[in-house]
Amino acid sequence: MRRLGSLSQEQIVFGLAVTLCVVFALTLPGFLTTNNILNLVRSVSILGILGVAMGLVVIGRGIDLSLVALMAISVASTLQLISTGLPLPQALVLGLGFSLATGLINGFLVAYVEIPAIFATLAMGTAIYGFGRYFMFNLDVIYFTPGAEALRWLGDGTVLGIPAPIVVFALVCAIAHLFLRYTKAGGYLRAVGDNYAAARITGVPARPMILTQYMIAAMIGFVAGLVTAASVASMNTRVANSTYVYDVILVVVLGGIGLSGGRGAVRNIVVGTLLIGVLLNGMTIMDIQYTVQNIIKGVILLTAIVIDTILNPRDEQTAQQGDI
Amino acid sequence: MSMADTFLRWRYRVIPDHLLGEILAKRWIDNAIPLLILLIVIAAFGFAIPGFFGLSSIANLLRQWGEFSLLVMALMIVMVAGGIDLSVGSTFALGNIVALALLTVGGLPWPLVVVLTMACGAAVGLVNGVLVGYLRLRAFLTTLVTLIIVRAIVDMLLLTYSVSIASTFIDSEAWYFLGEGSIFSLPVSVVVTLVIAITVHIVFSRTRPGWSVLATGGSRRSAHNVGIPVRRVICMTYVVSGTLCALAGVLFASRLGGAGADTGVGLEIAALTAAVLGGNSLGGGRGSAAKAVIGSITVMILVNSLVRMGVNSGANSLLLGLVLLGAVAIDVRFLKNKHKLLSKVYVSPTYATLPTAPATTAPSPYAVNDRLQGVELIGLGEIDGPEDVILDEDDNIYAGNRVGDIIRFLAPDYSRQEIFAHVGGRPLGMAFDRDGALLVCIGGMGLYRVTKDRKVEKLTDETNRSLLSVTDDSRLRLADDLDIAPDGRVFFSEATTRYEMAEWSVDSLESRGNGRIICYDPIRGTTRTVLKGLVFPNGICMANDGQSFYFAETWACRISRYYFDGPRAGEVEVVIPDLPGYPDNINRASDGTYWLALVGMRTPTMDLAMKQPGFRKRMARRIAFDEWLYPNINTGCVVRFDDAGTVVETLWDKKGDNHPMITSMREHKGHLYIGGISNNRIGRLKLEGMDPAWTGPDNYWRKA
């Protein structure tokens, strides 16, 4: 029991993922094939990339509920621009610029207007979706046009036999890890998340750091969107209204990044992504109904939050007003 | 008086500056911005859409509003306790499908269906409540997850029952009445919602459970410390929320009678927007049924009007998102800056001119002397701020202190002291009644009596509310000094109705008639304000005629006499209009004259500042509280005056080292006992030529 108590949530989740893997491998035919494993990782790599974006924000004691809407709308807008004849590089730059601007607004609302992150980003998500639907395009689904074919590699290509989405996921993880561990800004980010007031008093540029964290999240979100779109040759903007963003939070919380901020690393996200990947893959092979899958995911997320609350109790001293 | 002065005087008499601060301090002012937004929205869309105010348009809107408003109300209740409930939309959908399933597939009678559906909603709320309340999970994420789970359950129920729901005809008049009927030409759902809104309002504003919810949201830790079962309260808010959502679902079911996959999708965002737009605070502690109603009407009109104007769904969510952002931003900034704004505008000085101060040199009766040089000191360093002192027939001294005790110094040598009674508050003026019980004015509490056997009783802590006062002035904030008429009526002064005890000195910057004199009648048990608009009324002393009393107005530097009985009843007469200092307590002397304490002397600077309200206002806004210019309250004296208002003698402490800072004095058996509100001693002075047997209680009660 004492040994169990000394385990971190990350280790528990990793153990759980491995156990599930073993169980599925023994009980489900066709689970433990190279093809299925690659498929498994590939299917969750987008979730993982988004998880990295969300994880960075959560470590900085924020949350970005507009991430999925931003991803959908920025990429859909890019595709729309390409279809009107704009060259690919310019469209990409515009799309990225749109993402960064939105991230900047998110950060500004949280850091300077002091709106609780949950509300600022929730409202921004709705607003971004509305903006895209009203000003940029009228269809739910934006398809690839010939001008965008070069992007298809992100979805279909391989590097040394490894599908491109996995490679992108790995790259994003590596860069985020280096940023978080070896740069001054990464240290600041963790300091701001750990104790905002203390960080600010010590001279950390706390507000600009919050701005930065949302911009980074938006940027990674754009990359995730490109990979998503490239995989299916289209961007379905309906995803903005779905519960997908909660899956992303699930990955982050499950991996052991406390929502109270300051704790956690990229490793946690990888572990969380793996568990979700195994679970989804297993449930799909078992042919469990989609709504039941939702319930199971919900219950697991709830359990993860309960464990998170017990392992990382909220600090009343540094909790913010309206921090719900 | 120059033209400029006259103009200034009228400007401050005509424009009531102080009302701005008082209005801003009211709780209902929070509704002003939401209401303004609502009016703007109504005006804008009423103008943009022809037939907006048409009967059919309004009736249609009302019916939808009934259900939507219930959701907002549910969310509001949770938000007030400091949480949030995002599962309202899903619970609404659950209520809808459960009601229809029970009615068609289950074939149950409609009242049972309503009850069971609400129980179902309560169960969802209970799950939320246990998780958030007892396990202390984060409300936002937890209810997000229950949103997903409940939505998934609704989808499952839909797959199972939607066909049989659609194919069964519901044979119940009452059920259709619920959805389509009207009571007094109002749709049933609206009536239900209004009844619930009024109930919620009464619970929140008038009952203990409602206060517990508000307190929990206002400050969770403080609520816990005063003994409110915080976890249970939070849990209960979710249960109520779930129940209301299910009820809304029932109303929706009875209106449309169909279950679809998109029922209630995204409703939580709309409800949240409405709740916040109405002015319900995100951190909790601030919210009301009225706010929920205002917010829900606004959002309802916004969404419906956009649909009617034919813009696509994108514009709808863009606008909703922006409105939510704007509302939260205003909410956050307003909460953060309200007290700053309030502290800037609350202090509102007015024009006050004082008569020329008489000299304090040789021929003047106020001439400085050193007669307090011989004061013996009692309890030096052992008593903290005896504002008033009084002696009983056994020569014991009673004095209040700063921590709310009444201290008794025991005769004959006064070297021993004991706590006579602990009353709390700030004990100020005192008097003995006919039975020998001690009546005390307690700053922050009201008028109290301490009987001989030390029992503390409240006599009164409220008076009649002024008809046109913005602040609720029925509660006593700063009861200051009292005296008792021969028939037992107690007249006491309330120095100011605009400031608490701790900020009494700020009232000096205003110099407005913020105070009043109140009469407590023990026979009828009534409390009535008798004189209003007095400038910091302080000491009160019954005149020897038994029909009138003298009272001091501190910042106005004058003594007046009020006749409450006899042929001149109701008249106020100024007795001494031009004191050289700020008067405090008045008490009887043995020879038929009156002792008066001057707490501090006037200065030319302060007198000039009194004529310049603009200067004082600027001072209050620009510089820190402790650097403001206050009247001097450190150097004063004791004055004796007679019924004609002539000053007979003055007692000074010239060096100011023996007994400075005087707020009261009491004659007893040939001695004068002196107290001071920020002093640490009681003074005792032997009086020459005064009756050595005279005592206050005897003079008041035995002679008659």
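Before counting anything, I wrote down what a salt bridge is: a side-chain nitrogen of Lys or Arg within 4 Å of a carboxyl oxygen of Asp or Glu. Also a reminder to myself that this is a predicted model.

**Entry: salt bridges**
How many salt bridges are there between chain B and chain A? I found a count of 1. Glu114(A) pairs up with Arg333(B), and their closest N and O atoms are 3.9 Å apart. That pair makes the list because the cut-off is 4 Å. I also looked for polar contacts between chain B and chain A, and got 2 residue pairs, both at pLDDT 80 or more.

**Entry: who supplies the chain B side**
Next I asked which elements give two or more residues to the side of chain B that touches chain A. They are helix H7 (139-167), helix H13 (267-277) and helix H15 (313-345) of chain B. H15(B) gives the most, with 15 residues. I then sorted the residues of that side by type and got 27 nonpolar, 9 polar and 6 charged.

**Entry: size of the interface**
I noted that interface size is often given as the accessible area lost when the parts come together. Here the area buried between chain B and chain A is about 3900 Å², and carbon and sulfur atoms give 74% of it. In chain B, Arg138(B), Phe140(B) and Leu325(B) lose the most area to chain A, together 17% of what that side buries. As for residues in contact, I have 42 from chain B and 47 from chain A.

**Entry: a patch on chain A**
Which residues make the nonpolar surface patch of about 460 Å²? My list reads Phe14(A), Val18(A), Val22(A), Leu26(A) and Leu274(A). Helix H2 (residues 9-27) of chain A gives the most to this patch, with 4 residues. Phe14(A) is found in that helix.

I spotted a cis peptide bond joining Ala411(B) and Pro412(B), with omega about 0°. Pro412(B) sits in the loop between strand E6 (405-409) and strand E7 (417-422) of chain B.

Then there's Ser511(B): its phi is near 55°, a positive value in a residue other than glycine. I placed Ser511(B) in the loop between helix H16 (507-510) and strand E14 (515-521) of chain B.

Definitions and conventions
Residues numbered from 1 in each chain as written. Chains lettered and ligands numbered in written order. Predicted model: local features only at pLDDT ≥ 70, side-chain atom pairs only at ≥ 80, totals over all residues. Heavy atoms only, no water. Contact = heavy atoms within 4.5 Å. Buried area = accessible area lost by both parts, 1.4 Å probe. Polar contact = N/O pair within 3.5 Å; in protein donor to acceptor, adjacent residues only side chain to side chain. Nonpolar A, V, L, I, M, F, W, Y, C, P; charged D, E, K, R; others polar. Patch = residues over 30% accessible without salt bridge, like charges linked within 9 Å, V, L, I, M, F, W, Y side chains within 5 Å. Areas by Shrake-Rupley, 256 points an atom, 1.4 Å probe, with all protein chains shown as cover.
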